[in-house]
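Student: Can we go through the charged pairs in this protein together? I'd like to see how they sit in the fold.

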Amino acid sequence: MSPAWLERAALHYLERYSASTEMLRRTLARRVQKRARARGEDPERFADLVTATVARAVSAGLVDDARFADTRLATLRRRGTSTRGVSAKLAAKGVPRDVVEAAMLAERDALPDGEADAIEEQAAQAYAKRRRLGPYRRPDQRATHRDRDLAALARAGFAYGLARRVVDREPDESGEPDAPS
């Protein structure tokens, strides 16, 4: 294992995936461990090499936690992920908490004043639509599955009041739920 091999492995990974600093470090450590095990070497000998490769990727601008958090946040919001869910998923990817908070603050600041408060409601609506909960469920099944739909939204990290508003919203003639009042 050489610095050039590790750098090629990092570049190959970053060509395919957007990654946080911690994700790149974990991936390279796994690759080193696998290769060291196959050769009967101690993977700890190469820990400094992994750290140096990650530092070079960061200094070259190939890895940027703030950029990763911003793009991942936008993707998760479109899918209907709650603020709690976004925080948990980004933390699992190794993004520092302050970077996550800065990305969420930037998201709120980018919207006009009245719309910033509706971020969580839009996410809940997107989640309900994707999972066919509440007003997106067949009308004959809505009442029998109401508690199940509320529980699904709660497990996804949405507040009970918000979940209740989303599930109890009535669909209009087009089949889409009415806009929030």
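**Salt bridges**

Tutor: Let's start with a trio: a network of salt bridges links Glu-22, Arg-25 and Arg-26. A salt bridge here is a side-chain nitrogen of Lys or Arg within 4 Å of a carboxyl oxygen of Asp or Glu. Keep in mind that this is a predicted model, where local features need pLDDT of at least 70, side-chain atom pairs count only at pLDDT 80 or more, and totals for chains, interfaces and linings use all residues. Residues are numbered from 1 along each chain as its sequence is written, and side-chain values use heavy atoms, leaving out hydrogens and water.

Student: How many salt bridges are found in the whole structure?

Tutor: Side chains of opposite charge can pair when their charged atoms come close. A search of the whole structure gives a total of 12.

Student: Which residue forms a salt bridge with Arg-56?

Tutor: The N to O distance in this pair is 3.3 Å. Arg-56 sits in helix H3 (residues 47-59), and its partner, 49 residues away, is in helix H1 (residues 3-16); helices are DSSP runs of H or I, at least four residues, numbered from the N terminus. That partner is Glu-7.

Student: Is Arg-77, which pairs with Glu-120, buried or exposed?

Tutor: Arg-77 and Glu-120 meet at 3.3 Å, N to O. Arg-77 lies in helix H4 (residues 65-79) and Glu-120 in helix H8 (residues 119-131), so the pair ties together parts 43 residues apart in sequence. Buried means under 20% relative accessible area, exposed over 50%, partly exposed in between (1.4 Å probe, protein chains only). With a relative accessible area of 11%, Arg-77 is buried.

How values were computed. Helix = DSSP H or I, 4+ residues; strand = E, 2+ residues; numbered from the N terminus.
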